[in-house]
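Biologist: I would like to learn how to read a model like this one. Please take me through it feature by feature.

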Amino acid sequence: MAIESDVLVIGGGLAGLTSALAAAREGAAVRLVAAKQSTLRNASGLVDVLGYTADGEGPLVDPYDAIPDLPADHPYRTVGVGTVREAMALFDEVTPRYRGGHTDANALLPTHGGTVKPTARYPAGVSDGVASDSRDALLIGVESMTDFDAPHVAAHLTAAGVPFDVRGVTIQFPGDLRADAAITRYAKLLDTDGTVEVDGRERPVRAALADRVAAEHDGEPRIGFPAILGDDDPAEIRAALAERLDAAVFEIPMGPPSLPGLRLEDSLFAALDEAGVSIAAGNPVVGYDGDGRVEQVYVEKNGAHIPNSADQYVLATGGLVGKGIDSDRERVYEPVFDCHVAHADDRYDWFDREAFGNHDFARFGVHTDDDLRPVDGDDSVEFDNVRAAGSVLGGYDFAAEKSGSGVSIATGYAAGRSAARRAR
Amino acid sequence: MVSPPHVVVIGGGSTGAGIARDLSMRGVEVTLVEQGNLTHGTTGRMHGLLHSGGRYAVSDQVSAAECIEENRVLRDIASHCVETTGGLFVKRPEDSEAYFQTKLDGCAASDIPTEVLSAEEARAVEPHLAPDIEKAISVPDGAVDPFRLVVANAASARDHGARIETHSTVTDLRVEDGEVVGVEVDHASGPGKHVHGTEGGTEVIRADHVVNATGAWAGRIGAMAGVDIEVRPSKGVMTVMNTRQVDTVINRCRPKGDADIIVPHETAAILGTTDEEVDDPEEYPEEHWEVDAMIDTLAELVPMLRDARTIRSFWGVRPLYEPPSVDSDDPTDITRDYFLLDHAERDALDGLTTIVGGKLTTYRLMAEAVSDHVCERFGVSADCRTADVSLPGSEAFSVLRDYMDEFGLRSPIGRRSVERLGSRADDVLETSSPNPTVCNCEAVTRAEIQDAIGQSGSDLNAVRLRTRASMGSCQGGFCCHRLAGELHDDHGEAVVREAWDDLLRERWTGQRHALWGEQLSQAMLNYALHVTTQNRDNDPADGDPVDFGAFDAGVAADGGDQRGD
């Protein structure tokens with residue numbers, strides 16, 4: 001007998017989690033299946049809505065202002081600016097650790113590569129790092145951590161014209177962590193305020209770290225660290241360091257594995273638990289029954305194919321990175337329902353000659369009707385009860401626009417809500 | 001005592017670097033000039049096969065005999081550049097039995113040791129060979145790292161007093177009274193180490209003799225002195241797989257054809273190749289069918305290649321040459337032998353010698369021939385010693401020591417570092433500070449990166465070639481910004497930004513030929529990391545000033561937003 005629900009969400013990224021939450025809030029019985037345990041480890045944890053137009057103009061001060069002028073097939077145009085605002089309000093409600101909701105304006109946040117990028121919401125932990133804040137800053141790098149070279153980031157930020165003086169120094173992290181220690185190792189040590197040996201003395205790591213930084217501190221009112229300051233309770237760690245250093249403490253997000261991304265995932269899963277969504281992670285959807293309407297899907301678990309049936313389905317399996325869109329030498333396809341994905345026949349037309357050029361592949365994905373239901377090459381709805389959300393959608397380049405999180409949240413919200421309303 | 005002659009060698013590939021080493025070891029004063037970084041031309045764009053000679057044992061036994069002899073020399077003098085993989089010539093049912101026998105006879109005639117393996121025995125060596133292969137001939141093929149080999153030759157030349165100038169383009173040859181007397185050089189960044197953004201300049205380098213070792217570019221240099229050199233550049237594609245599907249060089253046992261070789265190389269396997277004549281060694285089409293042909297044809301030998309992950313493809317141009325009288329139509333008919341052109345005899349132009357044709361495996365022999373010729377001209381009587389004296393890094397390198405504990409490196413990182421560095425490992429890896437891994441795919445540590453930066457200036461592509469950093473599965477997605485950070489220790493931010501951009505650009509170029517399946521997914525991830533997380537496509541340091549005041553200035557540390565944290 002199939003596992004049944006009103007709405008089945010396929011995919012455990014930002015879009016899937018948001019749509020499950022939106023559907024549950026409408027009163028539907030929701031089940032979420034995800035192929036992977038974790039997808040947000042690749043994400044910086046900054047929640048962008050729109051930083052640049054589709055033509056590359058920007059950085060945009062007000063993302064909402066620019067949405068009506070986006071191309072007609074852009075997912076933001078499909079759901080409309082009002083829905084984007086509602087979706088962001090839901091996000092704000094369930095992520096108390098996030099900031100930025102007090103204004104429509106984007107914030108510019110330093111990146112670990114030394115640029116600044118426009119974003120709409122940011123973890124409280126990076127709040128004191130915003131680049132429009134004129135307070136001088138000291139950046140701290142850790143000698144064995146190659147992802148964040150503080151002197152280089154500081155010099156690059158200066159070249160980017162930030163309105164404050166910024167200086168970077170590299171310290172040795174107290175204790176005897178291996179040169180290749182994982183980010184989570186540092187976070188765990190700080191979470192537990194574990195004991196480290198410094199000059200033959202046993203000391204709690206937060207105090208020992210603060211001492212190392214204090215030796216380099218020259219009165220800057222704020223001090224930035226790579227995003228390693230704890231997984232469970234980063235606010236407490238920042239407060240402890242801030243007190244000892246008499247300066248505000250902030251983090252700079254980094255690439256994978258990203259602690260701010262993992263923290264965001266944790267808070268969204270907690271919100272889903274609270275809303276009563278049933279979650280099965282680690283099991284891919286490998287097939288379905290139905291024609292014009294999906295009757296049930298098959299979820300692979302320990303080699304067996306378990307049927308899951310629902311009245312409505314949300315496809316939130318991700319884009320090329322998450323394999324919600326896949327390809328071979330001849331074609332680009334959507335592997336779960338084989339929804340139509342428009343692409344040039346010749347794979348040499350899928351990309352631009354320049355590394356950061358205008359890439360077709362960055363816009364690969366399914367196209368939909370106004371209700372986010374995927375359509376085929378003739379604009380006919382493929383399945384009456386399937387809606388798509390997040391980067392499985394085509395028609396926008398989330399990387400260039402800095403719109404990935406916002407599109408996932410807005411379309412996830414719209415798809416989940418609509419699915420729940422249509423469910424019996 | 002008469003001062004030694006000064007020879008300018010043009011070309012920083014294997015031949016040019018080999019000549020610079022040979023001549024400088026004989027006491028000749030040498031300046032080597034190269035338009036890009038070392039191995040910029042054909043040397044850096046080959047499949048890395050150390051020939052046993054087996055591939056030429058039927059068609060060209062002179063080349064075959066030279067190959068096996070030089071193969072033995074390189075195993076000895078360049079042990080840290082060579083992996084003794086062994087090779088197989090594999091026969092499928094549709095391949096000719098007569099050719100198989102001719103191959104065996106040819107190897108015997110060329111002194112190439114062989115062994116015939118049954119299909120079962122061959123699959124015991126390489127389990128992924130197709131189930132229907134018939135048999136194979138085993139030969140002493142190997143893999144050679146051309147970057148490491150050329151860098152070691154250049155380092156040896158420098159140790160013997162040579163001057164090595166990379167990123168220095170020859171713009172003209174000086175000819176006076178029917179004799180070449182020097183070269184005009186355009187330095188991209190002033191003499192010495194290449195540093196991005198440094199003011200360049202032109203220099204006239206006077207010489208007693210000029211050697212043109214520019215391979216496919218030889219005609220262009222010849223034209224500067226008014227002599228015709230009819231190089232017939234021929235392109236070939238190489239397709240790089242993300243892992244080693246085979247640990248032995250796999251050749252198809254049939255007469256020459258496209259897509260007939262797989263070379264295991266470090267962490268990858270390289271599929272080759274095509275053979276198509278082109279007009280210009282820098283501008284030629286890189287075609288989609290060539291990549292498809294590699295995969296589809298070689299999958300007949302190793303079926304798993306059909307669905308395996310390709311990480312990039314690149315093309316090289318062979319500097320083929322034949323005397324104009326031969327006039328072959330098909331580039332595959334042109335000999336792989338080398339030619340020394342004595343322009344004094346050939347064109348009544350003194351002071352210039354050109355070397356064309358040949359192969360990487362015989363680079364040392366070609367260098368010896370050129371050096372003998374130049375030395376004879378100037379009455380230098382010193383003997384060639386390049387076959388006897390090990391290259392830097394390969395001295396006393398008989399046993400790999402266990403460096404892991406000694407340098408605090410984890411296996412297999414320690415093993416890989418020591419393999420790359422050879423006997424230089426002690427010098428390079430001994431640091432008092434932490435030595436984290438910068439490139440995870442290729443297991444390259446900070447100490448190695450810093451050593452390479454010390455050798456090559458601000459050119460991160462040169463650092464890449466020396467260390468293999470950014471050349472693995474992720475193609476630099478995770479480490480380009482780390483390499484930039486490492487460079488910042490010695491160079492200013494603006495220099496670093498330009499070098500970083502150059503590296504990103506170079507990495508993208510070859511990946512474009514592998515953009516489907518896993519590697520398209522990887523490319524999208526890399527694009528997202530560089531463009532979303534780092535915002536490198538809209539770097540405000542490169543663009544218009546940003547009006548910071550118009551954006552959200554944040555919430556006060558303890559107020560503004562009242563929700564808990």
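**Reading the fold, strands and interfaces**

Modeller: Of the 424 residues of chain A, 58% count as buried. Buried means 20 or more other C-beta atoms within 10 Å of the residue's own; exposed means 12 or fewer, partly exposed lies in between, and C-beta atoms are placed from the backbone. This is a predicted model: local features need pLDDT of at least 70, side-chain atom pairs count only at pLDDT 80 or more, and totals for chains, interfaces and linings use all residues. Residues are numbered from 1 along each chain as its sequence is written, while chains are lettered from A and ligands numbered from 1 in the order in which they are written.

Biologist: How many helices and strands does chain A have?

Modeller: Helices (H or I, at least four residues) and strands (E, at least two) are DSSP runs, numbered from the N terminus. Chain A has eleven helices and 19 strands.

Biologist: Which strands pair with E1(A)?

Modeller: Strands pair if DSSP finds at least two bridges between them. E1(A) pairs with strand E16 (residues 304-315) of chain A in the parallel sense, over seven bridges. There, Ile10(A) stands opposite Leu315(A). Strand E2 (residues 30-34) of chain A also runs parallel to E1(A), joined by four bridges. Val7(A) has Val30(A) as its bridge partner in E2(A).

Biologist: Is E1(A) mostly covered or exposed?

Modeller: Mostly covered. Six of the eight residues of E1(A), residues 3-10, are buried.

Biologist: How should I read a helix such as H9(A), and what covers its buried residues?

Modeller: Check its span first. The expected value is 1.5 Å times one less than the number of residues. H9(A), residues 259-274, has 16 residues and reaches 23 Å from first C-alpha to last, close to the 22 Å expected. Its buried residues include Leu264(A), Leu268(A) and Leu272(A). Among the elements covering the buried residues of H9(A) are helix H1 (14-25), helix H4 (81-94) and strand E13 (278-281) of chain A. Just after H9(A), Gly276(A) takes a positive phi of about 80°.

Biologist: Where is Val341(A), and why does it count as buried?

Modeller: Val341(A) is in the loop between strand E18 (332-333) and strand E19 (386-388) of chain A. It counts as buried because it has 20 C-beta neighbours inside 10 Å. Contact means C-beta atoms, placed from the backbone, within 7 Å. Beyond its neighbours within four places in sequence, Val341(A) is in contact with residues including Ile325(A), Phe364(A) and Gly394(A). Val341(A) and Gly365(A) are 24 residues apart in sequence, yet 5.5 Å apart in space, C-alpha to C-alpha.

Biologist: How many residues of chain A are in contact with chain B?

Modeller: 68 residues of chain A are in contact with 61 residues of chain B. H5(A) gives the largest share of the chain A side, five residues. That side divides into 32 nonpolar, 22 polar and 14 charged residues. Here Ala, Val, Leu, Ile, Met, Phe, Trp, Tyr, Cys and Pro count as nonpolar, Asp, Glu, Lys and Arg as charged, and the others, Gly among them, as polar.

Conventions:
Two residues are in contact if their C-beta atoms, placed from the backbone, lie within 7 Å.
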